[in-house]
Amino acid sequence: MKTGHLQLQTYFNLSRIKGFFKRDRRNSGYDSRPFLIMVQKEITDSVRSWRFIILLIIIFLTCLGSLYSSLSNFSEVIKNSTGENSFFFLKLFTHSDGTLPPFFVFVGFLGPLLGISLGFDAINSEQNRGTLSRLMAQPIPRDFVLNAKFVAGLILLAIMFFTLAFLIIGAGLIALGIPPTAEEFLRIVSFTVLSIVYVSFWLNLSIFFSVKFKQAATSALSGIAVWLFFTVFYPLLINIILKGLRPSQYALPRTVYIFEKLKFGLVQIIPNELFSEITSVLLMPNIRSLGPLTTGQVAGAIPGALPFGQSLLIVWPQLTGLIALTMLCFIFSYILFMRREIRSR
Amino acid sequence: MDNIIEVSGITKRYGDFVAVDSLSFSIGKGEVFGLLGPNGAGKSTTILVLMGLTEPNSGKLSVCGIDPIRNPIQVKKKVGYLPEDVGFYEDYSGLENLVFTARLNGITKSDARIKALQLMDKVGLSEEKNKKVGKYSRGMRQRLGLADVLIKNPEVIILDEPTIGIDPSGVKEFLEQIVELSRKERITVLFSSHLLHQVQQVCDRVGIFVKGRLLAEGNIENLSKHLFSDRNCLIEGEIESISSESKVNNRTADDLQQELQRMEGVIKVTIKDSYFFIEAVTDITANVSRYIISLGFGLTYLKKKVFGLDEIYHRYFQDSAPV
C-alpha cells in the first residue's frame, strides 16, 4: 500500500519534470537537433578533406617516429631505473634516444599547426562560398554555426589524440610485456586531455581569425604569426629584458628570488610554455616544482616521485591559465561573430 | 490579419550613412511585390531587416504577425530567403544540400529526402540531383536556390536579386515558376531587382526605392496614372500613304494637320510623311480615329503612348539624382 503510494508520487514528480523540460524546450523556440546535424556535417567535411588526411598522416608518422626513438634504446632506461616508481609507460612518451624529440615535445610543436589548420577557414570560407547567409536564413540561432565548428573540431581532436595515446600504450604493452599501472594510465589520460585543451586553444585562435579576416590565407597566416611570435620572438624579447635586469653575483638572495620569480612569471602567458610545463610535470612524476624554490622550501624534502594528485596540484595554475586562454579566444570570436551583420558574399 | 508583411517607419543607419530612411509599406497575403531600385538603394538592407538578420535603428515591423527583431528564429521558420548570389556546399550534390537545409528546419531524414526529391523535380533538376553543385550552371544554382527556399514550406519567400546572371530565357522561366507558386499555393513573394522589365512582367505591385526611401508604390497602371497625370497625352499614328499633291476628299496631308489642330484639346500636331504625332491635354485617341476616318483617310495604325516602368524609373531616378 505504502510502496504503491510512493510509486504514484514518484510518477507524478517524474511527469512534472518531463513536462517542465518539454515546456522549456518549446519556450526557447528551438531544439538542439539542428545543432547535432551541423556538428555531424562539419565532422564529415573535415574527415573527407585532403587537409585532414595529410595532417593525420603527419601526426601518425610523428607518433611512430617518436615511439621508435623511445623504444630503440629502452633497455638503457630499464637498466638505469631503480625501485618501484620507474614508470616505464610514461617513459614511452618522454624518453628519446636523441635522434627524434619525444612524443610530448612533438605534440607541443605540431599541436598549433593542427589547431590552426582545422580552424583557419571555419567562418570565412562559409562567407566566401555564400553559404553563410543561406545558413543564417534557417531557423537556428546564430551561435550554432560557431559552436558547431568548435565542437566538431574538439570531437575530431579528442578521437585523434585518444587513438594515438592508446596506440602508444598498446605498442608499449607489446614491447615491454607489462601492463601500465593505474597511476600511469591516469597520467597518460590526463596528458591526452591536456593535449586536446592545448590544441583547442589554437583551434579557437584560428576560428577567431577566421571570423575577423575575410581571406582564409590571411587568417591562416595570422595564426602562424602568433605561433611564431610565442615560440621564437617572445622568448627572445624576454631574454633581452631579463639580461638588463639580471642581479649581480653578490646580490641579496631576496633579489635573486624576485628576479627568478619574474623570469618564471613572464613566460607564463606563452601557451606552448604552459603546455610543456604541465606535460612535463604530469609525465615525469619526479618533478616537484615549476617555479624557483628557496633553500628553506626544499629543506627536508625526500627525493622521490609525487603521487598523481600532487602533480596535478603543481600544474593547477598553468592548467587554469591554458583553459582561460582558450575561453578568451572563444569569447572574442563569439562577440565578433554575433555582432557582425552577415551579407551575401 | 490581412497584411503578411507590415513595415512602418524603419530607419537603418551605418554610421552617418542612412541606408533605409523611415520606410513604410505593407504586403498582403499571396501578393507578388517587387522592390525596384538602383544598386545601393537599400533593398538588401530592407530584406535583412525583414529577416531579422540586422536590427533597424528605429521603426516597427511584423512578418507573419511576428516581430523579426525580437523573434528572428520564428520568422525564419515561416520565411524562405534566397540571398543575392546564393552559395551551396560545392562538394555536396544538389540533393544533399537540400536535405541538409530541410534537416536544419527540423524535418526528419527520411521526410527530408522525399521532400527534396519532389522539389528537385518541381524546379526541373531531377536529372542533376546527384551531381555535385560545383558542376551546376548559374541557372541551375538559382533553381536549386528556389527549391532550397521552398523546402521549409514557407508562407513568404523573399528573393534578393534572383535573376542576376541568368540568361533571358532562363529568367523568364524562373519568374514564371515563382508566379505560378504564388498563385497556386498562396505564397507571398517579395523580390528585389534593379531590372524593371522583369518586375513589370511578374509583380502585382512594385515599390520604387531610391536612396533608402520608398518613392512610390502601387501597381504599374496606378503608378503611371499617379505620376504622369500632369503630363499631356501623346498619340502617334500613320495614315495610308499619300503624296503631298494628291488629295483625299479634296484634302491634302497639310489640310489634315490643320483639321486635327482644330480638334478640342489638341495642343500640337506634327506630320512627317505619312506619320503624325498629336499632343493633347486629355486622352482623345478614340475621337482622333473617328475623325480621321470620317474625313476619308485610311488609318493604318494608331497608338496612345503609355508610360511604362522605364519612364517611371527614369523619372524617379532623375528626380533623385544629386543636384
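Among contacts in chain A (heavy atoms within 4.5 Å) between residues at least 6 apart in sequence, 80% join residues at least 24 apart. This is a predicted model, in which local features need pLDDT of at least 70 and side-chain atom pairs count only at pLDDT 80 or more, while totals for chains, interfaces and linings use all residues. Residues are numbered from 1 along each chain as its sequence is written, chains are lettered from A in the order in which they are written, and side-chain values use heavy atoms, without hydrogens and water.

**Chain A**
- Of its 345 residues, 43% are buried, meaning under 20% relative accessible area with a 1.4 Å probe, protein chains only.

**The sheet of chain B**
- Four strands of chain B form an open, antiparallel sheet in the order β11-β12-β10-β13; strands pair if DSSP finds at least two bridges between them.
- Because β11 (266–272) and β13 (299–304) of chain B each have a single partner strand, one side of each is left without a neighbour in the sheet.
- The twist from one strand to the next averages 15°, where axes are lines fitted to C-alpha atoms, for helices over the stretch in contact, and angles run from 0 to 180 degrees between N-to-C directions.
- Strands β10 (residues 233–239) and β12 (residues 275–280) of chain B are joined by six bridges; B:Gly237 has B:Phe276 in β12(B) as its bridge partner.

**Helices on the sheet**
- Helix α9 (residues 253–261) of chain B packs on the sheet and touches β10, β11 and β12 of chain B, its direction making about 165° with that of β11(B).
- Helix α10 (residues 285–294) of chain B lies across β10, β12 and β13 of chain B, at about 165° to β13(B).

Terms used
Helix = DSSP H or I, 4+ residues; strand = E, 2+ residues; numbered from the N terminus. Buried < 20%, exposed > 50% of the residue type's maximum accessible area, 1.4 Å probe, protein only.
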